[in-house]
Amino acid sequence: METVERNKRSLDVFSDTEKKLHVLTKFLLNQELNLKDDIHSGEICYLKKVSQDGNKILVGVRPTITLSVGQKITLYKILGRYLHLECTVEQDKGESQYILQLNKIAIAKKDRESSRIPVPPGSAWITNVVSSKAKIETDMFHVPTAVKVNFQDYETKLKNTVDFIKISTFNSREDNEVIRLIKKTKKGLLLEDVNNRECYESSPNEDFIVFADEIDEDINKEINNRRNLKIKSELILPVLYLNDEDESIPIGYIHMQSKTENFDLLKAMEMKTLCFEMVDRIRHSNMIKSDGKFPVIDISEGGLKVIVDHPDLMQSLPKLSGFQFDIFFKMQSPLTAFGQIKTITKNEEGHLTVGLAIAGHSSRAGEKKRFLENVEFFRKQIQKT
């Protein structure tokens with residue numbers, strides 16, 4: 001079993017025997033605990049006995065659950081704060097009872113904002129998972145195909161509208177100083193008249209760099225270079241991709257030169273609009289919708305935990321920060337939400353147990369309220385039992 005926690009929980013470990021016994025006998029003995037392993041996550045067990053030294057416990061499980069000697073498992077319970085026991089199965093006592101070696105007992109340093117509630121099988125699930133095929137980052141060693149294809153398509157489409165155009169991803173080995181600065185600042189460069197020194201010493205607004213302030217080159221030399229190439233005007237714009245965390249990621253640039261016309265601010269705004277169009281197309285082509293049915297195993301006001309067995313999602317989700325999905329509660333219409341991935345546990349088959357924090361609901365009226373009503377329903381069901 002492989003577990004990845006995006007935000008590591010801060011825990012205090014009980015090393016003193018007296019404290020361990022106090023927690024075990026006063027708060028956990030004869031109580032139900034949630035079971036977490038590579039097979040039975042979401043199931044519960046019952047703490048029946050504690051050894052005198054606090055190093056071994058006897059637990060009972062449902063008849064449908066089988067544990068193996070030597071297997072590592074975690075038991076946890078929310079007592080205002082998250083409390084967990086890391087154990088190794090030591091002996092099968094028969095009648096669904098097992099002796100566990102207690103390797104560590106720890107408690108969270110702060111209270112949980114909301115407690116997790118086990119969800120009965122078949123009562124809730126998510127589907128219509130909309131996620132990115134690849135995570136797009138600033139320093140991409142392997143640029144997603146969707147980016148390259150779209151850049152090439154737009155460059156081909158525009159090549160006859162201007163004397164020179166290049167639409168490309170950044171390449172640290174080949175990019176010149178100006179292109180590297182465009183990536184760093186996420187700003188453009190507009191030289192409306194390359195023969196006019198003032199264009200190098202000012203910018204139309206804060207979205208554009210001032211060449212003379214940023215580039216350590218002789219302005220007269222720059223003017224002569226462009227004059228020799230018969231260039232009249234030049235425009236460079238970054239292509240900015242907004243990721244799942246609303247971070248602006250510079251993934252490439254548009255570089256244009258003209259021998260006949262002067263690019264002005266209006267032309268720059270027209271090309272910025274084109275950049276937005278390119279990004280929307282990249283985002284669309286980089287998204288995949290998976291309509292499998294993935295069970296919810298626990299839930300709280302702030303999030304939920306689901307089991308995912310879809311082959312594509314098993315590959316892509318560990319690389320992502322979050323995704324959109326529909327939540328179905330039995331006999332109800334779906335709710336749409338966006339979840340940030342907090343934890344991922346992968347079992348031997350590659351199936352994922354994914355812990356999600358709800359980062360947003362759809363704009364449809366009453367969806368958040370209905371979600372919270374369902375959480376409260378499950379809480380009352382647990383209290384009854």
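# Exercises on a predicted model

The C-alpha centres of domain 1 and domain 3 lie 59 Å apart; domain bounds come from an automatic or database domain assignment. The model is predicted: local features need pLDDT of at least 70, side-chain atom pairs count only at pLDDT 80 or more, and totals for chains, interfaces and linings use all residues. Residues are numbered from 1 along each chain as its sequence is written, and side-chain values use heavy atoms, with hydrogens and water left out.

**Exercise 1.** State which residues the domain assignment gives to each domain.

Solution. Domain 1 covers 3-108. Domain 2 is made of 117-135 + 288-384. Domain 3 covers 145-286.

**Exercise 2.** Describe the pairing of strand 8 (residues 97-108) and explain why strand 8 is largely enclosed.

Solution. 
1. Strands are DSSP runs (E, at least two residues), numbered from the N terminus, and two strands pair if DSSP finds at least two bridges between them.
2. Strand 7 (residues 81-94) is antiparallel to strand 8, with 10 bridges; here Leu 85 is opposite Ile 105.
3. Two residues separate strand 7 from strand 8 in a hairpin, and Glu 95 in the turn has a positive phi of about 55°.
4. Strand 5 (residues 56-61) also pairs antiparallel with strand 8, over five bridges, and Val 59 has Tyr 98 as its bridge partner.
5. Strand 8 is largely enclosed by the rest of the structure because nine of its 12 residues are buried (under 20% relative accessible area, 1.4 Å probe, protein chains only).

Notes:
Buried < 20%, exposed > 50% of the residue type's maximum accessible area, 1.4 Å probe, protein only. Helix = DSSP H or I, 4+ residues; strand = E, 2+ residues; numbered from the N terminus.
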